[in-house]
Amino acid sequence: MSSHSKEDTSATKQKPHIDSERIVELASSFSTTDVGYGRDEHGRLAGWQEWAHGHPQKENTVHVCNGRHEWEMANDSNRRKGEDHQQLLSVVSWNTLSETWYELDCRSGGYAHTPREYGVWEGRFPLLIRWISRLRPDILVLQEVDFERFDSHLLPRLREMGYEGLVQTNRKQRPDQPCGVATFWLRDKLELLDQRSFSRSLAAHFRYKNNDKKHVCLANIHLESSQSETGANKRARQLNSPLEWAARVAPSSSVIVCGDCNTGADSSLFHVLRTHRWHGHDFASVYEHPATSETLPVNRATFAVPRHHYVIDHMLYSHDSTTLNAVLNALTRDEIDEHLGSGFDKGFPNEFCPSDHLPIGAVFDVRGTNDEADDTTASSRPPLGEGRRKELECQWQVLQAEKPPHRKGLPTPEEIEARREYSRKVKAWKSGFEGNVAETEFAEALIKG
């Protein structure tokens, strides 16, 4: 197990709040030459060092668990310790390779590297359970789960291991879409409060059973795979839906987003997540913390078949209410050498790994949702800093400059629509502060004049 600690004396920059349509527009930019091609001699994306330098928790010590054994030991150690450590939350995300998609790809010549006995579901399922039993996170999020296999295999077996689970609702289950995402949680630790299925995502709101002031919203995502402008726009809109839901249903909860994003960290989607608040959420990426520089999701791949190694699985968290404690690097050095080698000739699934993706994971300290801030009076809340007050005042002045002029007489249909559009912009601006009482109250004061 390795760790990283680095002093940071720089102030975290405030991210701008803009309406969701503008966010989606910015996140939808696409270029076939911009994503995944610029890598340094260590295999890291060209911008990774800059992203790591700007990580809002870069000064924190974060432990890297190399391989399942180190992760298993760290998890067990935390569970044996006192109540403070039991507040930690471990999350693992894994695209487990749909049985249906595997069989279809085999018919067209795919997965030729995988011996048949390690590719069929009957061969992969026991190995998948062995991996999960060693990882044993508090929350397990899976993508490419066949609906039939969720009911017949996964849910019954994971219930035996102490989990409860959800899969996307029936409206997602069409003949041309036999699989979806599924979320499982340890039922002795977490209580499900609410959930909602969207296109290519499943959002869930949990509460700690031993601390009802600690809540977490988790978005399990498997975004559009098409590498085109249309695909980029779909990915942005698919991510927008669970984020909007989380801001509305549990505005003060910690939020974790994880899954198969079908795009890299150098895409416009991730640029927006780094530089803007999305529905008020201020995210940091797990695998952009400086401690993760030698992990597979940074310098190698999370998806690996021969000749195609990509990093497309990601995990993000709201860093203002959540602290990153540890990360999973799924393979040891020896396992990397044996099963991936130094080039692109090897891949999964095989007798070692049951999917063409590797799991990613992290341990978080959820500082809390309804923590004592809910019980404090307005006079005891931390005051809004002068710099932030001026920033919000500037934003309001810019917004006021867009206000349509009023004239005497009945307004025209165009004027009515312009006023409605302005009202929507004001509401979107205010909604960006949900979960921050001081900012919300200051914004309301500005609006009232």
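Predicted model: local features only at pLDDT ≥ 70, side-chain atom pairs only at ≥ 80, totals over all residues.

Let me start with the aromatic rings. Counting pairs of Phe, Tyr and Trp rings whose centres lie within 6.5 Å, we get nine aromatic pairs. One of them is Phe150 with Phe184: the ring centres are 5.7 Å apart and the planes stand at 35°, so this pair is tilted.

Tyr310 has 40% relative accessibility and counts as partly exposed.

There is also a cluster: Trp94, Trp131, Phe348 and Phe352 are linked by ring pairs. Keep Trp131 and Phe348 in mind, as both names come up again.

For the overall picture, the protein has 449 residues, and 52% of them are buried. The secondary structure consists of 15 helices and 16 strands. Of the contacts with a separation of 6 or more, 76% are between residues 24 or more positions apart.

The charged end of Arg124 sits over the ring of Tyr102, at 5.7 Å from the ring centre. Arg274 lies over the face of Trp51, and there the distance to the ring centre is 3.7 Å.

Next, helix contacts. Helix α3, residues 68-80, and helix α7, residues 121-135, have axes that come within 8 Å and cross at roughly 40°. That angle makes α3 oblique to α7. Which residues of α3 and α7 make the contact? From α3 they are Arg68, His69, Trp71, Glu72 and Asn75, and from α7 they are Trp131, Arg134 and Leu135. Sorted by class, the contact of α3 with α7 has three nonpolar, two polar and three charged residues. Trp131 of this contact is the Trp131 of the ring cluster.

The other helix contact is between α1, residues 20-27, and α10, residues 268-275, whose axes come within 7 Å and cross at roughly 135°. The pair α1 and α10 is therefore oblique as well. On the α1 side we have Ile23, Leu26 and Ala27, which meet Ser268, Leu269 and Val272 of α10. The contact of α1 with α10 divides into five nonpolar residues, one polar and no charged.

Now some backbone details. The peptide bond from Phe348 to Pro349 is cis, with omega near 0°. Pro349 is in the loop between α12, residues 333-339, and β16, residues 360-366.

Tyr111 is not a glycine, yet has a positive phi of about 55°. Tyr111 is in the loop between α5, residues 99-107, and α6, residues 116-119, and counts as buried at 12% relative accessibility. Arg136 is likewise not a glycine and has a positive phi of about 35°. Arg136 lies in the loop between α7 and β4, residues 139-146, and is partly exposed, with a relative accessible area of 29%.

Asn262 is in the loop between β10, residues 254-260, and α10. Where does Asn262 stand, buried or exposed? Asn262 has a relative accessible area of 13%, so Asn262 is buried. Neighbours within four places in sequence aside, Asn262 is in contact with His222, Leu223, Glu224, Ser225, Gln227, Arg235 and Ile312.

Arg159 lies in helix α8 and is partly exposed at 39%. Leaving out residues up to four places away in sequence, Arg159 touches Glu164 and Arg187. The C-alpha atoms of Arg159 and Arg187 are 9.0 Å apart, with 28 residues of separation in sequence.

Arg248, in helix α9, residues 229-249, is partly exposed at 48% relative accessibility. The C-alpha of Arg248 is 9.0 Å from that of Ser431, which is 183 residues away along the chain.

Terms used: Residues numbered from 1 in each chain as written. Heavy atoms only, no water. Axes fitted to C-alpha atoms, helices over the stretch in contact; angles between N-to-C directions. Helix = DSSP H or I, 4+ residues; strand = E, 2+ residues; numbered from the N terminus. Parallel < 35°, antiparallel > 145°, perpendicular 65-115°, else oblique. Contact = heavy atoms within 4.5 Å. Nonpolar A, V, L, I, M, F, W, Y, C, P; charged D, E, K, R; others polar. Phe/Tyr/Trp six-rings, centres within 6.5 Å; stacked < 30°, edge-to-face > 60°. Buried < 20%, exposed > 50% of the residue type's maximum accessible area, 1.4 Å probe, protein only. Lys NZ or Arg CZ within 6 Å of the ring centre and 35° of its normal.
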